[in-house]
Amino acid sequence: MTAEAIAAAAPAARPGVVARALAHRGVLVGLLLFGTVVLVALFADVIAPHDPVRNNFRARLAAPNEVFWLGTDRFGRDILSRIIHGTRVSLRIGLMVVAATSAAGALIGAVAGYFRALDGPLMRVMDGLMAFPAILLAISLAAALGPSEVNAAIALTVAYTPRTARIVRASVLVVRELDYVEAARALGAGHAHILFRHVLPNSLTPLVVQATYIFALAVLAEAVLSFIGVGPPPPTPSLGGVIADGRDYMLEAPWISLFPGLAIAVTVLGLNLLGDGLRDVLDPRMKVEPR
Amino acid sequence: MLRYTLGRLLSAVPVLFVVSLVAFAIIAIVPGDLASEMAGPSATAEELARLRAQLGLDKPLLERMLDWYGALLRGDLGESILLRRSVTAAILERLPVTLGLTFLALALAIVFGVLAGMVAAVRPNSWTDQGVMALALVGLSLPDFWLGLVFIWLFAVQLGWLPTGGYVPLAEDPLGWLRAMAMPAGALALTQMGLLARMTRASMLDVLRQDFVRTAYAKGLPGWVVVGRHAGANVLVPVITVAGVSVGILLGGAVVIEQVFALPGVGRLIIGAIQRRDYPVIQGGLLLTATIFVLVNLVVDLLYAAVDPRVRYDR
C-alpha cells in the first residue's frame with residue numbers, strides 16, 4: 001500500500017492532503033524505503049539472481065562473493081535471493097494483518113462506541129486480549145493453529161485488533177455527538193444507517209495512521225514467528241526463517257543472519273516514517289502514542 | 001483512595017477472566033485430534049486414552065472449562081506432559097530469570113530513553129534533536145531478536161568482551177549476572193528506549209511551553225534545574241504510564257530473547273513446550289505472563305493515585 005493509496009482512502013481528508021503528504025520529508029523517505037521493498041517483492045522472480053530454494057552443496061556456507069553477493073547458507077542457497085523472496089512473505093502477511101485488523105477493529109470499535117450497552121462487554125474482551133504480551137499471544141495462537149502463512153496472519157490479527165478497535169471507538173465517541181449525526185437522527189435515519197454512513201466514515205482517519213504502524217508491527221512479529229518456527233513452514237523463504245537458519249553459524253557464516261535483519265529494518269523503518277508523516281499531515285494534534 | 005483502590009481492583013477481574021478464557025481456548029482451537037498429535041504416530045490406544053484423560057479431552061467442553069476454573073482458583077495450572085511435574089512449579093522456578101531480564105531492560109529503556117528525549121526536547125529541531133530522534137526511530141524499527149544475534153556476533157565473537165550466552169543467578173554472582181544479561185537486556189531494551197525517547201520529547205515540549213517554566217527561568221534558575229526538576233517532574237507521569245505498557249512488551253520480547261541467548265527462563269520453557277506440543281505449559285505460561293502484566297499495571301495505577309490526587313477523581 002502506498003502513501004497515496006492510504007491518503008486517498010481517508011474519507012475525512014481535505015483536498016490537497018496528498019500534496020501535503022508528498023511535501024513531507026518523512027513521508028518521502030518512508031515512501032522511498034517502503035516503495036523499494038514493495039517493488040522488490042513484486043518483481044522478486046525477475047530480480048533474484050538465483051533460485052531461493054535450490055540447494056547447491058558445492059557452495060555451502062560461502063562468504064559473500066561475486067556469484068553470491070550476500071553469501072550462501074548451509075544448503076548453499078543464495079541469501080540475497082532468499083531475502084528478496086522473503087520480503088514477499090513479510091509483505092503478504094503484513095497486508096493480510098492490516099486488512100483484517102482494520103476491518104475487525106472498525107466494526108468492533110464502531111459498535112462499542114455507538115451502542116452504549118455493548119461498549120462495556122466488547123471493550124473488556126479487548127482489554128483481556130491486550131493483557132497478553134502481543135507477541136506471546138501470537139506465538140501461542142500460531143502454534144496451536146499450526147504453521148502456515150494464513151494462520152500466522154490470523155494469530156497476529158487477534159493480537160493486534162484490540163489496538164484498532166480502541167482507536168476507532170475513541171473517535172466514534174467524539175463523532176457520534178456531532179450536530180450532523182443529530183440531524184440525521186432527526187430526519188429519521190436508523191442506527192445502522194447513521195453508524196455506517198455518517199459516524200464510521202468520519203471516524204477512520206486515526207485508523208489510517210494506526211494501520212501503517214500495525215503493518216510495521218506485523219512485519220516485525222512475522223519475523224519472530226518464523227524465527228521461533230511457527231510461521232510459514234520451510235522451505236518458504238521468510239526473513240525471520242533465514243535469520244533462524246543462520247543462528248548456529250554466527251561464528252563461521254554471520255552473513256546468513258545479519259543481512260535479512262537489515263531487510264526487515266528497512267521495511268519497518270520505511271513504514272514507521274510513513275506513519276509518523278501521515279500522522280503529522282492528517283492530524284498534527286495527535287501525539288506519539290505508546291505502541 | 002480506598003474507593004479508588006477497590007474500584008481499580010474490581011476492574012481487573014473481568015480482564016483476568018477474559019485472559020483465562022483465552023488461555024483455555026488455546027487447546028480448543030487446535031485442529032484435529034490433540035492427543036494423537038501430542039503423543040506422536042507410535043502411541044498405543046492405551047497411551048492415547050491416558051493422555052486424553054490427563055488433558056480432560058474425554059469430557060465435554062463445558063465441564064472441562066469448569067474444571068479449568070476450579071483448578072485455577074486453587075493455583076493449579078495442571079501437569080506438564082513432558083516434564084511430568086506441575087506447570088506452576090516449573091514456571092515459578094524459571095520466573096526470576098525472565099523477570100530479571102525484563103526489569104533490567106526496563107531500567108535501561110527508562111534511563112536512556114528519558115535522557116535522550118529530554119536532550120532532544122531542550123533544543124527542538126536542532127541537529128541534536130533531529131539526530132537523537134532519528135536514532136530513536138531506527139532503534140524502534142530493529143527486530144530485537146536479530147539485534148541480539150548482532151550483539152553476539154559483535155561483542156562475543158568479534159571483540160570477545162562478553163559470553164555468547166548462558167546464565168548466572170543474580171544471588172550467586174551479581175557481576176556475572178550482569179555480564180550474562182548485558183547483551184540480552186540491551187537488545188530487548190532498544191525498541192522501548194526509542195519509544196520512550198519519542199514520548200518524553202513530546203511531553204517535554206508540552207511542559208516547557210507552560211507558564212511555570214517561564215516563571216522558573218524568569219526568577220533566574222539555571223536551565224538544568226528548570227529542565228531537570230520543574231519540567232522533569234511533570235514528564236514523569238506519562239513516562240510511568242508508558243513504562244507500564246512497556247513491561248508487557250518487554251515480557252513478550254524476553255520470551256524470544258531468552259531463546260537467542262540460551263537463558264533458562266519462562267520464555268525458553270514456553271518455546272520448548274510449543275515445539276513439543278506440551279499445551280498445559282503453553283497455557284500456564286500465557287496465563288502467568290498476562291497476570292503479571294495486569295498486576296504491574298494495577299500497581300502503577302495505584303501508585304499514581306497515591307502520588308497525584310487528580311487521578312482519583314479523573315476516572
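User: Where is Gly100(B) found?
Analyst: Gly100(B) sits in helix H5 of chain B, residues 87–122. Helices here are DSSP runs of H or I with at least four residues, strands are runs of E with at least two, and both are numbered from the N terminus. This is a predicted model, where local features need pLDDT of at least 70, side-chain atom pairs count only at pLDDT 80 or more, and totals for chains, interfaces and linings use all residues. Residues are numbered from 1 along each chain as its sequence is written, and chains are lettered from A and ligands numbered from 1 in the order in which they are written.

User: Is Gly100(B) buried or exposed?
Analyst: Gly100(B) counts as buried because it has 21 C-beta neighbours inside 10 Å. The cut-offs are 20 or more other C-beta atoms within 10 Å for buried, 12 or fewer for exposed, and partly exposed in between, with C-beta atoms placed from the backbone.

User: Which residues does Gly100(B) touch?
Analyst: Leu170(B) and Met181(B), not counting residues up to four places away in sequence. A contact means that the two C-beta atoms, placed from the backbone, lie within 7 Å.

User: And how far is Gly100(B) from Ala23(B)?
Analyst: Their C-alpha atoms are separated by 24 Å, and the two residues are 77 apart along the chain.

User: Next, Val235(B). What does it contact?
Analyst: Val235(B), which lies in helix H10 of chain B, is in contact with Thr200(B), Ser203(B), Met204(B) and Val207(B), leaving aside neighbours within four places in sequence. Val235(B) has 24 C-beta neighbours inside 10 Å, so it counts as buried.

User: How many residues does each chain put into the contact between A and B?
Analyst: Chain B gives 44 residues and chain A gives 42 residues. On the chain B side, the elements that give two or more residues include helix H1 (2–28), helix H8 (174–208) and helix H10 (223–261). H10(B) supplies the largest share of that side, 9 residues.

User: What classes of residue are on that side of chain B?
Analyst: The side of chain B that touches chain A has 37 nonpolar, 6 polar and 1 charged residues. Nonpolar covers Ala, Val, Leu, Ile, Met, Phe, Trp, Tyr, Cys and Pro; charged covers Asp, Glu, Lys and Arg; the others, Gly among them, are polar.

User: Now chain A. How many helices and strands?
Analyst: Chain A has 13 helices and 0 strands. Its C-alpha atoms fill a box of roughly 75 × 45 × 30 Å along the principal axes, and buried residues make up 54% of its 291 residues.

User: How many residues of H13(A) are buried?
Analyst: In H13(A), 24 of the 28 residues are buried, so this helix is largely enclosed by the rest of the structure.

User: At what angle do H8 and H11 of chain A pack?
Analyst: Helix H8 (residues 149–175) and helix H11 (residues 205–228) of chain A pack at about 160 degrees, with axes 10 Å apart. Axes are lines fitted to C-alpha atoms, for helices over the stretch in contact, and angles run from 0 to 180 degrees between N-to-C directions. That makes H8(A) roughly antiparallel to H11(A); angles over 145 degrees count as roughly antiparallel, under 35 as roughly parallel, 65 to 115 as roughly perpendicular and the rest as oblique.

User: Which classes meet there?
Analyst: The residues of the contact of H8(A) with H11(A) divide into 12 nonpolar, 3 polar and 2 charged.
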